[in-house]
Amino acid sequence: MDRNDVRRAWDDVAETYAQSRDPTGSDAALIDDLLDELPGEPLVLDVGCGDGARTLANLPADAVGVDVSRRGLELATDEVPDARLVQGDMTHLPVATDSVDAITAYHAVFHVPREDHPAVYEEFARVLRPGGRLLMTLPSGRFDTVRRGWMGGEMFFSAPGERATLDHLAAAGFADVERVTADDPLGSSTLFAFATLDA
């Protein structure tokens with residue numbers, strides 16, 4: 001699936017996905033740990049925010065949500081009315097350089113072709129201020145597939161594996177990676193990573 005196919009796929013399943021997810025859980029609680037490490041009144045960017053219930057709703061009121069899906073952003077408008085919402089591609093984030101204190105990217109990067117993951121992490125590094133923090137899902141497997149019937153539609157999943165992902169993060173300037181296991185929105189156990197952009 002190309003980027004337009006993925007965008008259309010998310011538009012098709014956005015409501016079903018929002019209704020299927022538990023908006024609480026231990027992966028949502030990780031956001032509190034992230035916020036505890038940030039300066040007062042931080043600006044946080046939620047990449048792949050979707051309907052906003054899982055991550056964006058737990059961030060400061062002026063957080064910025066970016067998603068490829070227009071339907072997902074429409075749902076987020078209702079769920080998190082104070083957030084700033086932008087439609088965009090994470091390989092070319094519509095966000096200024098050195099402008100945010102932290103990024104959350106939950107279950108997001110693996111919907112981009114794995115050969116483009118280094119560009120995603122370089123974009124994360126570009127928009128973060130030096131010393132900024134990243135909290136993201138860390139794919140433990142290596143895969144490149146379209147899952148038909150997923151949430152009543154189809155969806156693209158792609159990842160190079162945990163080791164390659166850690167290498168990509170390091171190449172983009174991220175260090176001090178801490179791996180944490182938590183429950184994901186659909187009730188299974190998932191690996192997450194905290195990382196710091198080199199100052």
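View 1. Asp32 is partly exposed, with a relative accessible area of 46%; partly exposed means between the cut-offs for buried (under 20%) and exposed (over 50%), using a 1.4 Å probe and protein chains only. This is a predicted model, so local features need pLDDT of at least 70 and side-chain atom pairs count only at pLDDT 80 or more, while totals for chains, interfaces and linings use all residues. Residues are numbered from 1 along each chain as its sequence is written, and side-chain values use heavy atoms, with hydrogens and water left out.

**View 2. Glu15 meets Arg71.** These two side chains form a salt bridge at 3.0 Å, N to O, where the term calls for a side-chain nitrogen of Lys or Arg within 4 Å of a carboxyl oxygen of Asp or Glu. The pair links distant parts of the chain: Glu15 belongs to helix α1 (residues 3-20) and Arg71 to helix α3 (residues 70-79), 56 residues apart. Glu15 is partly exposed at 39% relative accessibility, and Arg71 is partly exposed too, at 25%.

**View 3. Arg54 and Asp27, a buried pair.** Here the side chains of Arg54 and Asp27 come together in a salt bridge (2.1 Å, N to O). Arg54 is in the loop between β1 (44-47) and β2 (64-67) while Asp27 is in helix α2, so the contact ties together parts 27 residues apart in sequence. Both partners are buried.

**View 4. Arg129 and Asp101, strand to strand.** A salt bridge of 3.0 Å, N to O, joins these side chains. Because Arg129 lies in strand β5 (residues 128-137) and Asp101 in strand β4 (residues 100-105), the pair ties together parts that are 28 residues apart in sequence. Arg129 is partly exposed, at 32% relative accessible area, whereas Asp101 is buried at 14%.

**View 5. The network of Glu15, Arg71 and Glu74.** Salt bridges with shared partners tie these three residues into one network.

Conventions
Helix = DSSP H or I, 4+ residues; strand = E, 2+ residues; numbered from the N terminus.
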